[in-house]
Amino acid sequence: MSKQGSRDSSVPYIPLPQNPNHQNVIVSLVYYHRPYQTNHYLRRGVIFAGVLLLLSATILFFYPSDPILKLARIRLNHVGVISSPKLTIDLSFSLTISVRNRDFFSLDYEKLVVSVGYRGKELGVVNSEGGRVRARGRSYVNATLDLNGFEVVHDVIYLIEDWAKGVIPFDTTTKVNGVLGLCFLKIPLKAKVACEVSVNTRNQTIVRQDCHAQ
């Protein structure tokens with residue numbers, strides 16, 4: 001005798017039709033962060049952004065920069081053109097170059113090179129001794145460039161015309177290569193300044209001077 005409520009195995013099972021209006025319901029659990037956890041994450045994000053900004057500003061502030069060269073003073077000692085037996089030029093300049101170190105570490109340079117040219121052709125070069133420029137400091141270097149009996153091969157016609165006018169344009173270039181002493185690191189730095197100098201051959205003076213960094 002079977003228990004009450006059990007289905008007779010001899011009777012076939014017929015599934016009941018599903019209700020077309022029946023809808024499935026999906027339950028989703030929503031987790032809410034507690035207020036103190038949200039403030040904690042926000043505080044950590046603000047601190048991280050502040051540290052990153054401070055680090056970037058420090059690197060930018062202490063990042064090595066090339067020195068600044070400036071032709072502080074130039075004096076014409078003598079200029080002359082000799083036409084016989086060959087066209088030669090006698091020229092003497094006295095220069096004072098300012099080397100400014102913008103960094104927070106000392107700058108050492110081996111030498112300072114000054115060259116003079118005429119219409120893009122180099123006439124002569126002079127090298128000064130090396131030195132050291134203290135952090136955030138400035139140093140002045142004196143140099144004298146002498147050309148005696150330099151034979152002019154190029155631009156002879158232009159030189160004769162300029163000599164007849166009484167004004168000869170020269171160009172000077174000053175270069176310095178240095179090393180920045182940063183603890184155990186040696187960071188190479190360099191600077192260059194070019195000047196256009198026009199001299200009066202009659203009264204032996206400089207009538208025009210225009211310099212720009214390169």
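## Close-up views of the model

**View 1. Arg-119, with a relative accessible area of 38%, is partly exposed (between the limits for buried, under 20%, and exposed, over 50%, with a 1.4 Å probe and protein chains only).** The model is a predicted one, in which local features need pLDDT of at least 70 and side-chain atom pairs count only at pLDDT 80 or more, whereas totals for chains, interfaces and linings use all residues. Residues are numbered from 1 along each chain as its sequence is written, and side-chain values use heavy atoms, with hydrogens and water left out. The side chain of Arg-119 forms a salt bridge with that of Asp-162, at an N to O distance of 3.2 Å (the criterion is a side-chain nitrogen of Lys or Arg within 4 Å of a carboxyl oxygen of Asp or Glu). The two partners are 43 residues apart and link distant parts of the chain, Arg-119 coming from the loop between S3 and S4 and Asp-162 from helix H2, residues 156-165 (helices, H or I of at least four residues, and strands, E of at least two, are DSSP runs numbered from the N terminus). Asp-162 counts as buried because its relative accessible area is 6%.

**View 2. Asp-108 and Arg-132 meet through their side chains in a salt bridge of 2.6 Å, N to O.** This pair, too, links distant parts of the chain, since Asp-108 belongs to strand S3 (residues 107-118) and Arg-132 to strand S4 (residues 121-133), 24 residues apart. Arg-132 is exposed, at 58% relative accessibility, while Asp-108 is partly exposed, at 24%.

**View 3. A salt bridge of 3.7 Å, N to O, joins the side chains of Glu-196 and Arg-208.** Glu-196 lies in strand S7 and Arg-208 in strand S8, so the pair ties together parts of the chain that are twelve residues apart in sequence. Both side chains belong to partly exposed residues, with a relative accessibility of 38% for Glu-196 and 43% for Arg-208. The count of salt bridges comes to three.

View 4. Leu-145 is buried, its relative accessible area being 3%. When neighbours within four places in sequence are left aside, the residues in contact with Leu-145 include Leu-91, Phe-93, Val-114, Val-116 and Val-126 (contact means heavy atoms within 4.5 Å). Val-125 is 20 residues from Leu-145 in sequence, and the C-alpha to C-alpha distance between them is 7.1 Å.

**View 5. Thr-201 occupies the loop between strand S7 (185-200) and strand S8 (205-213).** Although placed in a loop, Thr-201 counts as buried at 9% relative accessibility. Not counting residues up to four places away in sequence, Thr-201 touches Val-79, Trp-163, Gly-166, Val-167 and Ile-168.

**View 6. The chain as a whole has two helices and eight strands.** Along the sequence these elements follow the pattern α-β-β-β-β-β-α-β-β-β. Of the 214 residues, 31% count as buried, and among contacts between residues at least 6 apart in sequence, 65% join residues at least 24 apart. The chain exposes about 15,700 Å², of which carbon and sulfur atoms supply 57% (areas come from the Shrake-Rupley method with a 1.4 Å probe, and for residues only the protein chains shown count as cover).
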